[in-house]
Amino acid sequence: MRAKEYDYIVVGAGSAGCVIANRLSANPDNRVLLLEAGGRDTNYLFRLPMLMGKLMHSGIYNWNYYTEPEPHLAGREVYWPRGKVLGGSSTINGMIYVRGNPADYDGWARLGLPGWSYADVLPCFKRSEGHTDRDDPYHGRSGELTVRRSRASNAMYDAFIEAGQQAGYPYTDDFNGERQEGFGRYDFTIRRGKRCSAATAFLKPAAKRKNLKVIANALTRRVVFSGTRADGVEYQAGGKLAFAGAEKEVILSAGVVNSPQLLMLSGIGDSEELGRHGIPVVHHLPGVGKNVQDHVDCCLVYELNQPVSLRNDLRIDKVTLGVARATLFGAGFITTFPYEAGSFMKSSASLDVPDIQTHFMPATEDTANLHWSLPFFGKKDAARYHGLTIRIGPLNPKSRGRIALRSNQAADAPLIHANYLDDKRDIQTAVAGVQLLREVMDCKAFNGVLGRELAPGLQYKTDEQLAGWLVDAAMTTLHPVGSCKMGIHEEAVVDGDLRVRGVEGLRVADASIMPTITHGNTNAPAIMIGEKASELISGERLGAPPTLD
């Protein structure tokens, strides 16, 4: 019989996995192993929020996934950056802290998942959160994850919010508070001017615990079973194959792509697909890899006729000085994120909750990705290079995709079929969003500043024309979820306690368990899932964390 040197093995040091490793190892009686396929988050530039776009597209700390050719996007292969590093995607994301709409979680409860209502998960959100600026019933002050308000100073953010009010939408001070609908500024997971990833918040404080072992650059190949009970995992590190045994449980927190891949490689999935790859079936579970959902979006882009965009700051000399100021003092524009304002809107007044989200940036995408200008840039033509971008997307997509195996090898990227815009309702909502935002941008708040519409351009006027434009313009908002769906029906992969159906000693805890995608950015919900999983595994409501310095 193989030795079981650990009580719990957590696979994946992403947003949920870091939380689980922290919470379980807080009990000194628990022996915890955390395995991460990527390396340690040592690149200092990832700490600086303004540099996020350039570095994410560089492929560092990234699985560099692409979808298969998308049938409704003219066969395009869509880039799916997923974090491959301690902290997972929280180390490379945009740091926007949005929990979703309370109706999301109440909807999960109505699906037969008691314990997942908004009233149930709000304490989990608050436990993680250490908000520096808000102190009310919706927020936590003493959690490890530092959250703060937007601090960017560019006047275009306020112009966008003012235009929204002029168009008849409410001002919303807190998208995570009493009301989500409206125009306002986002909150961010930034601490003293630096990114506060899940690794920074949860893993580093726990790293010195003797009962927690963290192994980076360790690719988990499969979960090992004795019959239908998870015995441990087989992983590869340092060129060697190793086994780690789990006395109590294995928890997969490898994300929307890798968690279903690992289940299938371990013999849990659709038996027909497993058979095609020569994988012995441990349990036939056809829902594995199905139910993939993502927020698709598109960009409404305008030229500015005055030099008032972020490009003013993105000269090489200013960026260099900005990095120094951010490093030494945690201040300046390098410590902010370009998409600091946004909105949640309804495409129809009959809706109970918003179905459109926007992210507003006073720059164009190429500028945001740091296509830097040089010092002494000519003032004569400067306005030509200034613009605004509004990313617009449906919040409750109806299209469903899937994750499938490419081979029976863990090192081979699985097949990603996002299936964007398969459901015509997603097209209709996206088009409605573009038309609504055109009305907002036509308000007087932008008088004298706004120039031509660069994308899609006024040649795309009708809904039908915009639907055709989406084929080439639609992209991902980088929020994929749902591939290991939680539920009570046959297509569900895990139950309400996150246990994998049909086997013992195995759970999944990350964004892949969402039965339906949340209304907004998905990192905060993934962290909440880590908190909820920790309670379910330990069997008790966890107390409040100590107050941070």
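Guide: Rings of Phe, Tyr and Trp (for Trp, the six-membered ring) form a pair if their centres lie within 6.5 Å; planes under 30 degrees apart are stacked, over 60 edge-to-face, and the rest tilted. By this test, a search of the whole structure gives 14 aromatic pairs. Y66 and Y79 form one of the tilted kind, 5.1 Å centre to centre with 35° between the planes. Y66 belongs to strand β3 (residues 65-66) and Y79 to strand β4 (residues 79-80), 13 residues apart; helices (H or I, at least four residues) and strands (E, at least two) are DSSP runs numbered from the N terminus.

Visitor: On what basis may I rely on such values?

Guide: The model is predicted: local features need pLDDT of at least 70 and side-chain atom pairs pLDDT 80 or more, whereas totals for chains, interfaces and linings use all residues. Residues are numbered from 1 along each chain as its sequence is written, and side-chain values use heavy atoms, without hydrogens and water.

Visitor: Is Y79 buried or exposed?

Guide: Buried means under 20% relative accessible area, exposed over 50%, and partly exposed in between, with a 1.4 Å probe and protein chains only. Y79 is buried, at 16%, while Y66 is partly exposed, at 42%. A further tilted pair joins F188 and F337, at 6.1 Å centre to centre and 55° between the planes. This pair links distant parts of the chain, with F188 in strand β9 (residues 187-188) and F337 in the loop between α9 (316-329) and β19 (341-345), 149 residues apart. Both F188 and F337 are buried.

Visitor: Where does K84 lie?

Guide: A charge sits over a ring if NZ of Lys or CZ of Arg is within 6 Å of the ring centre and within 35 degrees of the ring normal. K84 lies over the face of W63, 4.4 Å from the ring centre. Likewise, K532 lies over the face of W116, at 5.7 Å.

Visitor: How many helices and strands does the protein chain have?

Guide: The chain has 13 helices and 26 strands. Buried residues account for 60% of its 549 residues. A contact means heavy atoms within 4.5 Å. Among contacts between residues at least 6 apart in sequence, 71% join residues at least 24 apart. The C-alpha trace spans about 75 × 50 × 45 Å along its principal axes.
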